[in-house]
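These are my notes from going through one chain. I wrote down what I looked up, entry by entry.

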Amino acid sequence: MSSTKGKKRPAPSADDDDEAIVDAPDTAAAANTDDGGVKGAKPKKEVSKNKKYRRDKPWDTDDIDKWKVEPFKTDEKNDVPFLEESSFATLFPKYRETYLRTVWPNISGALKKLGISCILDLIEGSMTVKTTRQTRDPFAILKARDLIKLLARSVPLQQAIKILEDDVACDIIKIGNIVHSKERFVKRRQRLLGPNGNTLKAIELLTNCYVLIQGNTVSAMGPHKGLKEVRKIVMDCLKNIHPIYHIKELMIKRELAKDEKLKNESWDRFLPSFKKKPYKPPKKTKKVVKKKPTTPFPPAQTPRKIDLQIESGEYFLTQTEREEEEMKKKKERQAEKTKERKLERDKAFIAPEEKPRTKEKKPK
């Protein structure tokens, strides 16, 4: 314990005197405050609760591109190997085995530049990427993970290798569990492609992304802003909203972005609003059944087969006469049929009606 007895207080310096002089009016004003304020002082502006704790950021200006990804540079500070090894593995379908086997030397060569090792296991059907002692960029392992995911989803190597660039990202959208009916799922997935793949080309041009539809997934590659639009289009398409509505909206936004006056304004008044109408089944028309007139008398009895034969006189004929009568009727029917067939055959030999020729007058 250090005692303060016998120690003199240090004399105030010139700087301390200045601070005391400056602070003096504030203390005096605080002492003379009446009802929490000085006479003639300006009242403080009321600040909303949302902006109460906000501070000015002079470094955050409009000319800063917040989406820009700065390239990784190895310095003396960064030139140190990682303490732990990171690895990612993904499975691939059987039909991709032959393609991956032929392309694997190119993949390992591209990843070697980033200091990442890769293993292709054909027995398990998996691809694995790992960091090594030569790896310096910590984000490179995540890029390698995205590369093997895209290769497993049937993206060709020439396109998938672009994921190693800093300004390219990827998104693999799962669409298999959204629609329960298989027929409905196939129809809605076909809408994304469109006739001759025109809808897919339009989406790629407007979002600046590469899109591949394969099985139960949609693989997309491009800038983050474009990937967000692609995901929205794909999810809405499977929820029965046609992609053409989003394509129209993106086309309008592209034109509005070119206009300098409308660049910083709200575009809500220009964008079309599409509301989903609830399905109303058609009203069933009730069939008007006419009521039969009711009579106290029962309906007349239907005649028997024997009664009809007695009326026609067939009942009194012998067996041979009946057979002769049936044969006669049969031959009559056959004759009618042969006559109809002959007329149909003869139609092919009837010459068509020729139009009368008109002589063309020669110009004088």
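Is N208 buried or exposed? I looked it up in the model, which is a predicted one. N208 counts as exposed, at 56% relative accessibility.

**Entry: two asparagines.** I placed N208 in the loop between helix 6 and strand 5, the strand being residues 210-214. N208 is not a glycine, yet its phi is positive, about 60 degrees. I then checked N196, which is not a glycine either and has a positive phi of about 60 degrees. N196 sits in the loop that runs between helix 5 (182-193) and helix 6 (198-207). With a relative accessible area of 71%, over the 50% cut-off, N196 is exposed.

**Entry: the chain overall.** I noted 10 helices and six strands. The chain has 364 residues, and 23% of them count as buried. I also looked at contacts with a separation of 6 or more: 57% of them join residues 24 or more positions apart.

**Entry: cores.** I went to the largest nonpolar core, which has 29 residues. Which of its members touch the most other members? They are I107, L111, M127, V129, L151 and I163. At least two residues of this core come from each of helix 2 (97-112), strand 2 (116-121), strand 3 (126-131), helix 3 (140-152) and helix 4 (157-160). Helix 3 contributes the most, with eight residues. Another core lies apart from this one; it has 22 residues, including A169, I173, I175 and L200. As background, nonpolar side chains tend to be buried together in soluble globular proteins.

I took I163 separately and left out residues up to four places away in sequence. Its contacts are K143, D146, L147, L150, V168, A169, C170 and M221.

**Entry: two serines.** Where is S154 found? I located S154 in the loop between helix 3 and helix 4. S154 has a relative accessible area of 15%, which is under the 20% cut-off, so S154 counts as buried. Not counting residues up to four places away in sequence, S154 touches Y95, R96, L212 and Q214.

S273 is in the loop between helix 8 and helix 9, the latter being residues 305-312. I found S273 exposed, at 65% relative accessibility. From S273 to Y245 I noted 28 residues in sequence and 9.2 Å in space, C-alpha to C-alpha.

**Entry: helix 7 and helix 8.** A packed pair of helices is described by the angle and the distance between the two axes. I looked up both for helix 7 (residues 224-238) and helix 8 (residues 243-258): the axes come within 9 Å and cross at roughly 155 degrees. An angle over 145 degrees counts as roughly antiparallel, and therefore helix 7 and helix 8 are roughly antiparallel to each other.

Which residues meet in this pair? From helix 7 I listed E229, K232, I233, D236 and C237; from helix 8, P243, H246, L250 and K253. Sorted by class, the contact of helix 7 with helix 8 has four nonpolar, one polar and four charged residues.

**Entry: cysteines.** How many disulfides does the structure hold? I found zero.

Terms used:
Residues numbered from 1 in each chain as written. Predicted model: local features only at pLDDT ≥ 70, side-chain atom pairs only at ≥ 80, totals over all residues. Heavy atoms only, no water. Axes fitted to C-alpha atoms, helices over the stretch in contact; angles between N-to-C directions. Helix = DSSP H or I, 4+ residues; strand = E, 2+ residues; numbered from the N terminus. Parallel < 35°, antiparallel > 145°, perpendicular 65-115°, else oblique. Contact = heavy atoms within 4.5 Å. Nonpolar A, V, L, I, M, F, W, Y, C, P; charged D, E, K, R; others polar. Disulfide = S-S within 2.5 Å. Core = buried A, V, L, I, M, F, W, Y, C linked by side-chain atoms within 4.5 Å. Buried < 20%, exposed > 50% of the residue type's maximum accessible area, 1.4 Å probe, protein only.
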